[in-house]
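Hi,

Here is the structure I promised to pass on. Have a look at it first, and then read my notes below.

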Amino acid sequence: MPVTDLSLVVLVGASGSGKSTFARRHFRPTEVLSSDFCRGLVADDENDQSASGDAFDVLHYIAGKRLAAGRRTVVDATNVQSSARAGLIRLAREHDVLPIAIVLDVPEAVCARRNAERADRADMPVHVIRRHQRELRRSLRGLEREGFRKVHVLRGTEEIDAARIVTEKRYNDLSHLTGPFDLIGDVHGCRSELETLLTALGYADGVHPEGRTAVFVGDLVDRGPDSPGVLRRVMGMVSAGNALCVPGNHENKLGRWLKGRKVRLTHGLPETVAQLERESEEFRAEVAAFVDGLVGHYVLDGGRLVVSHAGLPEKYHGRTSGRVRSHALYGDTTGETDEFGLPVRYPWAEEYRGAAAVVYGHTPVPQARWLNNTLCLDTGCVFGGKLTALRYPERELVDVPAERVWYEPVRPLVAEVPGGHDGRPLALSDVHGRRTVETRYGGRVAVREENAAAALEVMSRFAVDPRLMPYLPPTMAPTATSRQDGFLEHPAEAFAQYAADGVARVVCEEKHMGSRAVVLVCRDAAAARERFGVDGPTGSLYTRTGRPFLDDAALTEELLGRLRTAAGKAGLWEALDTDWLLLDAELMPWSLKASGLLRAQYAAVGAAAGAALPRAVAALEAAAARGVDVGGLADAQRGRAVDTAAFTEAYRRYCRPTDGLDGVRLAPFQILAVRGRSLAGLPHDEQLALLDRLVEHDPTGLLQGTRRLMVDTGDEKSVRAGVDWWLELTGAGGEGMVVKPLQALVRGARDRLVQPGVKCRGREYLRIVYGPEYTRPEHLERLRSRHLGHKRSLALREYALGLEALERLAEGEPLWRVHEAVFAVLALESEPVDPRL
């Protein structure tokens, strides 16, 4: 007895007919909703009939939630009255699932005996069972007319006991087919162009040597010169298992004509009818059977790809109802007509937020463009445009020009896909409230509602154009606290930690004395417009919280221009096959962005100490000269003066005047992504070699290289060399270094990501962070009680989110999908953590 995997199964039978036993035997406990159980929920008594109204409200509510989530639901109640069934049929229609009735027709005597054997039903009057049986008899012939798509009637206990439920998949569920696919747009009878496109895709006589499957999005017929030829090719490929096809509205109308129904011969159907009348009766019968058997839409590749003729909102994916089929064939309209008398399509793609890519046709456009993970492949071949295909999963477009204008369009092909090229950039619903982001490298990352609210404030008021902010860098964890005398941080701990994680080789990169910067640079304005949808800017330069670095847009463009020129001279555009670069970098000097912080926080401390401490020391020395016992107070004040002088010297190294870009330096240390791929997994020595080329070919002096040293964590001599190099850097006033695994995306114990990098800051630089006197033994000992667990966890979560954003960006996913991960990084930044770490 077949029962569809996603359906609302309604058990129908008198009290005592064995519905609950049948449900337990054939369905999972979680699939079954019992009216008795719901009655007990609301009244503490499963037999309290006065609570039935509330019980069925609860049952319908839970059933609705299950169906909305795509889970089969079985209703265990008598359901012998048409009024009770009507509400369930409405529920199935609301959620676009099949209502299926399973009738258990058991003799009255058996029902009465079973009820008598139950303590809670022993006193049930016989007339109740008789009424149920009468209502059941009246219902049997009309169940299909009520709306049940399948009706299974089991008569007698033997037939019920022998029944076996077979779960069948929906016809549209081909999620087990993973491709690769070649999806082909509306052909409309253009057989010659179809053959040319198939050849360009690598097919020979309808077969691909690599086993690829063609998927036709409908509208094979009408308007063009050879609809029978197109049908013959597609039908042959489908029959041989080399293609799939969904119906278009033109196939639907042709199918009705072939069945002899009255249809209006318009919109190219007369041409198809005339062409088919020249074919044999057998061929027309084959066409009629083919068209009649087409499934409205398909779900492919584990749910990651949906194909329908007119597109399909997420709520309809994999659903089965007349409403879903109608939308798949015709789409939805606003109820208006345009100046050509044609219906105005509702821009469903503009609001689409699904994870599955939806590929469709129906609305001819000049150029196929991705919009919110949807793609219209109808590029108007029959109107003199192109016939377009999408290679999936490569997301590569292949097209061939029309040989001529075969049919004059009523409306010129000037409109974009519904919603335009950009669609709605972002919506509050994309980021508001508590959210969980699925990442490929770190699993699920949760974002609290209060953190999302803080990020929304920053993003909406201060950040750069979100289209030009495809990535935010993660926070970086410091190395473990050092126990070496006089040091709070020391590279020996970093090398030891990576050795414990199984990382044999690390790269030590000089930590530049500036601010973390992300740079997006496009090859030209056309590239910025094509990929990022902006007119004017050719990229962006922003901080790790998304704020623009430079207030002057012209100055930003000048910086991008210098970077663009260097990339061109270094041959990176060609070497990486891209027209845009996304870089992680350091922008110097620090004072360029932090001048207010320097004046208000650091300079104030230095100025106050410079004014007060010399006088205090002089007064104490004068008192001592007069014979006053000042103890060690004078020495202590001298020490404080030395410490504050060191503090002032430390922060002054980060300050220098700039004039425009004069005095500004940019030190890129990683290429994050280029067109079509993320480079986050590229080993760091290869990354730095590419960036050395970039720096070398910069004639303006803007770009600065990153010094580095390779260290073998298992070689004591190599580790010693790494420590010495750090001491040399920091002794010369440098900030320190970042230690990273040479191979990116390294996993350690339990297959978890290890830290992508740990910072090891110099002894003098940490005065800026912890205060002038932090190196005194008593302070240093207290500061060694640092709690690094939260910071390390935060760094890994943000790292996973950043990687996810890069993958989505490289795969061409819509802005809202990229920004889901970008926004989450910014939200996590508002988690409470010691800012000094």
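The largest cavity comes out at about 330 Å³. Bear in mind that this is a predicted model. Four cavities reach 30 Å³ or more. Around the largest one there are 27 lining residues, with Gln670, His684, Pro756, Gly757 and Tyr799 nearest the centre. β28 (665–674), β31 and α27 are the elements that each supply two or more residues to that lining, and α27 gives the most, with five.

Now for an open site: the second largest pocket has a volume of about 1300 Å³. It has 39 lining residues, and those closest to the centre are Arg544, Trp590, Lys759, Tyr765 and Pro835. Several elements put two or more residues into this lining, among them β24 (505–510), β25 (515–522), β32 (758–761) and α25 (765–770). β31 (736–741) and α27 (789–810) are also on that list, and both contribute to the lining of the largest cavity as well. Which element gives the most to the pocket lining? That would be α21, with five residues; the helix spans 591–625. The pocket lining divides into 17 nonpolar, seven polar and 15 charged residues.

**A six-stranded sheet**

Elsewhere, six strands make an open sheet with mixed pairing, in the order β8-β12-β13-β16-β18-β17. β8 (173–174) and β17 (370–371) are the edge strands; each has a single partner, so one side of each has no neighbour in the sheet. Further in, β12 (297–300) and β13 (305–308) run antiparallel and are joined by four bridges.

**Helix α2**

Last stop is α2, residues 35–43, where Ser35, Asp36, Cys38, Arg39 and Gly40 are buried. What covers them includes β3 (32–34), α3 (52–68) and β4 (73–76). Both ends of this helix are worth a look. At the start of α2, a side-chain oxygen of serine 34 comes to within 3.2 Å of the backbone nitrogen of aspartate 36. Just after the helix, aspartate 44 has a positive phi of about 60°.

Over to you!

How values were computed
Residues numbered from 1 in each chain as written. Predicted model: local features only at pLDDT ≥ 70, side-chain atom pairs only at ≥ 80, totals over all residues. Heavy atoms only, no water. 1 Å grid on protein atoms, 1.4 Å probe; cavity = no way out; pocket = protein on both sides within 12 Å on 5 of 7 lines; lining within 4 Å. Points joined across faces, edges and corners; volume = space filled by probe spheres on them. Nonpolar A, V, L, I, M, F, W, Y, C, P; charged D, E, K, R; others polar. Buried < 20%, exposed > 50% of the residue type's maximum accessible area, 1.4 Å probe, protein only. Contact = heavy atoms within 4.5 Å. Polar contact = N/O pair within 3.5 Å; in protein donor to acceptor, adjacent residues only side chain to side chain. Pairing = 2+ DSSP bridges.
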